Amino acid sequence: MSAEDARAIARAFAPVRPWGNRWDYYYTLSKLRSDPLYPGVLDALRGTRAPVLDMGCGLGLLAHALRRDGQHLPYRGVDNDAAKVDRGRDVAARSGLGATCFERMDLATTLPEHRGSVAILDVLQYLPAAAQAHLLQRAAAMLDDDSRLVMRMALADHTRRGRISRLGDRAAHLIGWMQFRPRHYPDADSLQAQLQQAGLSVRITPLYGRTPFNNWLVVAQRS
């Protein structure tokens, strides 16, 4: 993301008072400047009009990126981390982001009702294999002709990038940024087969940019 866009979004996460905690500001600025995630997701959603369900929304950066990109799709973010959800909701309200809502939800046990596009970004590997399969089935059923399933994840392989991704995910859990340790990394073939069986056409492309991680973008829609 451009420096101007990254700074504009990150400023929304700066503390209201000068002595406040600036962790979310620096995290957001660093992620938006170094990670190709959001430009890839914005491109995947561009041209649709369907509301977006962001499963595992964290602080809700996707909502800010969509609005900055001129995409005013209704946005709903769900995440199991209540603290992130609360901060994301507060920042979205303070920033005047329209048509957004946030709620706490454990995707391992509960899935929301939704009709439209679905984003699952850097989340799937934190669910067991059975929960992943159920989530993908439900997400596929949420799509209509004007919506897309957009996912970013580390895929299972034995490359150097794959090893670095696994270490990075474990570190995120150890420092407390992610509440759960990674459970299962799907491979590209099985992931594509699951989505095709659900009646979707699938495109899987690398999305690691200049990062060392084994991240891939998956875009699926009704065939």
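This note sets out points on the fold, the surface and selected residues of a predicted model.

1. Basis of the model. Residue numbers run from 1 along each chain as its sequence is written, and side-chain values use heavy atoms, with hydrogens and water left out. Because the model is predicted, local features need pLDDT of at least 70 and side-chain atom pairs count only at pLDDT 80 or more, whereas totals for chains, interfaces and linings use all residues.

2. Overall fold. The protein contains 8 helices and 7 strands; these are DSSP runs, with helices being H or I of at least four residues and strands being E of at least two, numbered from the N terminus. The radius of gyration is 17 Å, close to the 17 Å given by the globule rule for 223 residues, so the protein is as compact as a globular protein of that length. That radius is taken over C-alpha atoms, and the globule rule is 2.2 Å times the number of residues to the power 0.38. The C-alpha trace spans about 50 × 40 × 35 Å along its principal axes.

3. Of the 223 residues in the protein, 49% are buried. Buried means under 20% relative accessible area, exposed means over 50%, and partly exposed lies in between, with a 1.4 Å probe and protein chains only. Among contacts with a separation of 6 or more, 70% are between residues 24 or more positions apart; a contact means heavy atoms within 4.5 Å.

4. Surface and charge. The protein has 30 positive and 22 negative charges, and their mean positions are 5 Å apart. Lys and Arg count as positive and Asp and Glu as negative, without His and the chain ends; each charge is placed at NZ of Lys, CZ of Arg, CG of Asp or CD of Glu.

5. Cysteines. The structure holds 0 disulfides, a disulfide being a pair of cysteine sulfur atoms within 2.5 Å. For C57, the nearest cysteine sulfur is that of C101, 9.4 Å away. C57 is buried, with a relative accessible area of 7%, whereas C101 is partly exposed at 35%.

6. Helix α4. The buried residues are L61, L62, A63, H64, A65, L66 and R67. Just after α4, G70 takes a positive phi of about 85°.

7. The loop from α4 to β2. P74 is found in the loop between α4 and β2 (75-79) and counts as partly exposed at 37% relative accessibility. Leaving aside residues up to four places away in sequence, P74 touches P51, V52, R67 and A99. R67 is one of the buried residues of α4. Between P74 and T110, 36 residues apart in sequence, the C-alpha to C-alpha distance is 21 Å.

8. A99, a contact of P74, has a positive phi of about 55° although it is not a glycine. A99 is located in the loop between α5 (82-95) and β3 (100-104). D122 likewise has a positive phi, near 55°, and is a residue other than glycine. D122 lies in the loop between β4 (117-121) and α6 (129-142) and counts as buried at 19% relative accessibility.

9. A130 in helix α6. A130 has its place in helix α6 and counts as exposed at 62% relative accessibility. A130 and A108 are 22 residues apart along the chain, and their C-alpha atoms are separated by 9.6 Å.

10. V218 in strand β7. V218 lies in β7, which covers residues 215-222, and is buried with a relative accessible area of 0%. Not counting residues up to four places away in sequence, V218 touches L149, V150, M151, M153, L191, L195, V202, R203 and I204. V218 and Y185 are 33 residues apart in sequence and 14 Å apart in space, C-alpha to C-alpha.
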